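Visitor: I'm new to protein structures. Could you walk me through this one?

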Amino acid sequence: MLPMYSATDHTAGNRLFIRRIIAALVLITLLSAALVVRLVYLQIVGHELYASKAKENSVKITPMVPTRGIIYDRNGKILADNTPSYSLDLIPEQITDMAATLQRLQQLLDISPDKIELFEKQRKRQKRFTSIPLLLNMNDDELAKFAVVRPYFPGVDIHTHLVRHYPYGDLAAHVVGYVGRINEEEMKTLPMSEYRGSTHLGKLGIESSYEKELHGKTGYAEIETNVQARSLNTLSENAPEPGANLYLTLDIDLQKTAFDALAGYNGAVVAIDIKTGGVLVFASRPGFDPNPFVVGISNDTYKALSESDDQPLYNRALRGLYPPGSTIKPFVALAGLEEGAISAQQKLFCPGYYQIPGSTHKYRDWRKGGHGSVNMSQAITQSCDVYFYRLASILGIDRMHGFLEKFGFGEKSGIDLSGEKAGLLPSKQWKQDHRNREWALGETLITGIGQGFLQVTPLQLARATATLANRGDIVNPFLVDKIVSATYIGPPPHPPQQALALKSANLNSVIDGMINVVNSEHGTAKSIGRNIPYQIAGKTGTAQVFNIKQNAKYNEHSIDFKLRDHALFIAFAPVGDPQIAIAVIAENGGHGGSVAAPIAAQVIKQYMREKLKKPEPEPSEAKPVEETANPPPQRED
């Protein structure tokens, strides 16, 4: 039997159908509205953004790396340049068996596992059609070996690049520094806009301190690409701005003289142009060859350098800390005069030792029998320790600290190299803060002869000597004399020169003693002052490496070489018109007069020959400066 439907049921069905139609129309309307809104946004509001994104899919912005600036010495000799270098590059997508290809190349060209590992890391970060270097800086032998078998290595080819090169090797490594590959940590801190595409960064020396100037400004090119990002065509270019060229105050010929003269000793030589503050010599021996760091130094080679007992990577001129020994005596003498603690002609008696009242300990002089009665000039000339024990006791450590600080001891010089050490200039407060102990009078005495806690760098010694020669006008050392770029030619900013208010008579008294050190028959460096048409003022120094027991005798021939005293010498010349100041430290050299002073003399004489532009006179008997004391036999301090 068929079901029966009422009129009520028919009406309810119609209503349900109408509601569904309305809901469908509302949904279609809303979806249409959303589509219209989206179209409006894409076409009007977001047009610029999406047009740019669409362009990026077809146009690639490629960085154009600038050429790094050249570094020259004061005479225009190149210390760092960019030379063409050949590299062995691989394109992964063109190589069917990468492992076998690498193995064959490794056997052919003796490629180290370190270079294979670096190649694999780069391959993972690059697209398969990108050319990736495997071997950099190929030599002629490697080029010839590969040229013969080149047809049997599809996807492998030789490309030419500009690579940083240091023609003087270890001679200027600690000054010029080197560039190396940018690591991940460095990339996080570098401005991406300037270093896109760059692979190297200054790591040390001038290369690091003047990285911004040397690097230049990165350019870019718009490259049309296909969907696989392969380059099709260059649309436009914005050329990079090359890095600035730097002209240093360094004289590489003088640098070589100093470096060679140090042969046989670790140490440092720093020479400064007194008139300007420009550093003429900044030698640290032993050095190292910076060139392997550019292309990637092997782990074994770096380990050998970093673990060597001679520490060739350590910049002794900038960071080496040494007791100054007797080279501090001219500054302590000047402190005594300026502070009114003593007069230049006042004599102090030296019996060969000094004792603090009430103590049995003897602070010994280098000469067992003593020097007798000596004034200041004689004490400097003969390097009388007892005189300076007594003077230090009169001054006290805090007055010595305050005066020596004026000459730059205990603080950084501000030279345009990073990593400089400040040395150590002790005081009562320093010992309380760092050792939590009271200062002892005995520590004041040994500070007066450049021992104890006192530590200086060779750069500080040279700067203080230059300031003394400049009669209190503080000399601020620097290395970069001129910057030459597309937008600027001139010097970098230097701090203004300040002057110490020193009495001329006091300066003359101290300098007279230094003149006698070199030019008197009883001077500790008399061997270097002969047969030259000008006078050198200097001071020898010997710094103990270890303490000697009270009644023991020091015999350098019976102890290990590394335990022998350091030899030091400071000087300036010519006395009448000072041009050059120098500080020399020869580690374990023993005697300043016989080891360090001749090194300084070689540098000074070469510099003055260039200044005078005439040969030195034929050997003749030079008349020594007369002294007014009973001088003991010469000591090589």
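Here are some questions and answers about this structure.

Guide: This is a predicted model, where local features need pLDDT of at least 70, side-chain atom pairs count only at pLDDT 80 or more, and totals for chains, interfaces and linings use all residues. Residues are numbered from 1 along each chain as its sequence is written, and side-chain values use heavy atoms, leaving out hydrogens and water.

Visitor: How many disulfides does the structure hold?

Guide: A disulfide is a covalent bond between the sulfur atoms of two cysteines. Here it's counted as a pair of cysteine sulfur atoms within 2.5 Å. The sulfur of Cys 384 is 3.6 Å from the closest cysteine sulfur, in Cys 350, so that's too far for a bond. The number of disulfides is zero.

Visitor: Is Cys 350 buried or exposed?

Guide: Buried means under 20% relative accessible area, exposed over 50%, and partly exposed in between (1.4 Å probe, protein chains only). Cys 350 has a relative accessible area of 1%, so Cys 350 is buried.

Visitor: Where is Ser 326 found?

Guide: UniProt, in an unreviewed entry, gives Ser 326 the feature "active site"; positions follow the numbering used here, feature names are shortened, and annotations may be inferred rather than shown by experiment. Helices are DSSP runs (H or I, at least four residues), numbered from the N terminus. Ser 326 sits between helix 14 (316–319) and helix 15 (329–338), in the loop.

Visitor: Which helix is Glu 207 found in?

Guide: Glu 207 is buried, at a relative accessible area of 0%. Look along residues 205–209 and you'll find Glu 207 there, in helix 9.

Notes
Helix = DSSP H or I, 4+ residues; strand = E, 2+ residues; numbered from the N terminus.
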